[in-house]
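User: I am new to this structure and would like to learn how to read it. Could we go through it feature by feature?

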Amino acid sequence: MGSRHRTPYGPGGPGPSLTVRPLEGCRGIRAAGEVGLATHMIWERVLEQAVREGEGVYYLELSEVTFVDVAGAGALAAAAGRLGAGRRLVVRRPPPALRRVLETFWPGLPTIEVTT
Amino acid sequence: MRTTTATPDVTPDPFVHPALFYRSDREYLDGTVPFVREGLAAGEPVAAAVPGDRLRLLRDALGADARRVRLLDMREAGRNPGRIIPGVLRAFADAQPAGQRVRIIGEPVWAGRSASEYPACVQHEALINAAFRGRTVTILCPYDAARLPGHVLEDAHATHPTVIPGGSRPARHSEAYAPDAIVARYNEPLPLAPDAMTFPFVADSLPEARHAATDEGRRLGLTGTVLDDLALATAELTTNSVLHGGGSGVLRVWGEDGRVLCEVRDAGRFTDPLAGRRPASRDQRGGRGLLMVNLLADLVRVHTGDEGTTIRCWFSR
């Protein structure tokens, strides 16, 4: 069956990825790619690290993340729920779907701050 | 002295779900206003989710009492019947103190619901009974008997354990009550669309499937938030196929009557008719995908059987 479209990934080409590197100048990471079934494990590791590491604010710079599915948003909400007192995650410039899902299922989570 | 102990043989279901058949504004108000006022007088939380024109009628008749009632336009809140249980009825009922009786007027079926929408409407009405079994909730469902076709009124007798024939007449038991049979009867096959963008997918091609859907959605005129909604719905449906529907599926996207339709077929079978209709608790891990799709789309239809499952969603430009 034909499909009338072009995709960024050719048939049999490399699948989607999620790459993560440390932020300079503050505690946190910059991620690039997308959060979906293939990258949930990487995302979960990022969030575990965010919960484990340090105190105060942890930044997740997501401007180069093109998509986060509902399970990925759920993992973020769960991680935020495990943060100790005085801690929070600052989610910078996430894809619109992430904000939408967080507002739908976890409105007013005190330990997540979404910035544009 | 004689003492009597009231020991009923069976515990009646505290959930009450009557259909109210009205033929005029007068009968509408005779059936709904006392229902609201009795609830308010008893200190019960009351909500009304009815089409906008009915909402105005009810609000005017209630006067100052309208402020004590949660009022929702069902044409918006319940445009997709699949989100009425989680997004309207349970959203209101679950927010009230436990054990407190809750009253809701819910009018999900109105003249002008399309032929595509109606099977989802009537399945929703049937599934309310399972969703609220055992709960101290009363949901009164008005039906416009003057304008709705006969088969719709017949179906309402099958989806409601009690019926109120008109205005303020008392409720009576519905002999035709058979909600499971309605869910099965309206599990209608969804014929293949002839000119759809077609994309078979497996786990490795989930992102490509999502891009294919958004490319086609954009080509068909979707923009902005609705395009994001299409992407998210596609991701959730295709991921469900990979995880629960046999590992693969076929995505289709096409335009129809000014809307964009997105459909996923897989080899799985739906065993839980309330899937996607339960509100998610904050702490629950996973299980929100289909609920999200119900909240995003203007309409969701499902056909499931031995040959597999099809889920079709409608998005407005």
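User: Let me start with one strand. How many of the five residues of strand 2 of chain B are buried?

Analyst: A caution before the answer: this is a predicted model. A residue counts as buried if 20 or more other C-beta atoms lie within 10 Å of its own. By that rule five of the five residues of strand 2 (residues 46-50) of chain B are buried, so the strand is largely enclosed by the rest of the structure.

User: Which residues of strand 2 of chain B point one way, and which the other way?

Analyst: B:Val46, B:Ala48 and B:Val50 point one way, while B:Ala47 and B:Ala49 point the other way. Both groups are buried.

User: In what sense do strand 2 and strand 3 of chain B pair?

Analyst: The general idea is that strands of a sheet pair through backbone hydrogen bonds, in either a parallel or an antiparallel sense. Here strand 2 of chain B and strand 3 (residues 69-73) of chain B are parallel, with five bridges between them. To see one of these partners, look at B:Ala49: its bridge partner in strand 3 of chain B is B:Leu72.

User: What is the order of the strands in the open sheet of five strands in chain B?

Analyst: The order is 8-9-10-12-11, and the pairing is antiparallel. Strand 8 (197-202) and strand 11 (299-305) of chain B stand at the edges. Each of these two has a single partner strand, so one side of each is left without a neighbour in the sheet. From one strand to the next, the twist averages 15°.

User: Over how many bridges do strand 11 and strand 12 of chain B pair?

Analyst: Strand 11 of chain B and strand 12 (residues 308-316) of chain B pair over seven bridges, in the antiparallel sense. As a point to find on screen, B:Thr304 stands opposite B:Thr309 in strand 12 of chain B.

User: Now the whole chain. How many helices and strands does chain B have?

Analyst: Chain B has ten helices and twelve strands. Of its 317 residues, 47% count as buried. The C-alpha trace of chain B spans about 80 × 45 × 35 Å along its principal axes.

User: Which domains is chain B divided into?

Analyst: They are domain 1 (18-185) and domain 2 (197-316). Their C-alpha centres lie 28 Å apart. Across the boundary, 18 residues of domain 1 of chain B are in contact with 14 residues of domain 2 of chain B. On the domain 1 side, helix 4 (84-93) and helix 5 (118-132) of chain B are the elements that give two or more residues. That side divides into nine nonpolar, four polar and five charged residues.

User: How many residues of chain A are in contact with chain B?

Analyst: 25 residues of chain A are in contact with 28 residues of chain B. Helix 2 (70-81) and helix 3 (96-105) of chain A each supply at least two residues of the chain A side. The largest share, five residues, comes from helix 3 of chain A. By class, the chain A side has 15 nonpolar, seven polar and three charged residues.

User: Let me finish with backbone angles. What is phi of A:Arg93 and of B:Asp257?

Analyst: The general idea is that most residues other than glycine have a negative phi. Phi of A:Arg93 is near 45°, a positive value. A:Arg93 is placed in the loop between strand 4 (88-92) and helix 3 of chain A. Phi of B:Asp257 is near 50°, also positive. B:Asp257 lies in the loop between strand 9 (248-256) and strand 10 (259-266) of chain B.

User: Is each of them exposed or partly exposed?

Analyst: The way to read this is to count C-beta neighbours. A:Arg93 has 13 other C-beta atoms within 10 Å and is partly exposed. B:Asp257 has 8 C-beta neighbours inside 10 Å and counts as exposed.

Notes: Residues numbered from 1 in each chain as written. Chains lettered and ligands numbered in written order. Predicted model: local features only at pLDDT ≥ 70, side-chain atom pairs only at ≥ 80, totals over all residues. Contact = placed C-beta atoms within 7 Å. Helix = DSSP H or I, 4+ residues; strand = E, 2+ residues; numbered from the N terminus. Nonpolar A, V, L, I, M, F, W, Y, C, P; charged D, E, K, R; others polar. Buried ≥ 20, exposed ≤ 12 C-beta atoms within 10 Å, placed from the backbone. Domains from an automatic or database assignment. Pairing = 2+ DSSP bridges. Axes fitted to C-alpha atoms, helices over the stretch in contact; angles between N-to-C directions.
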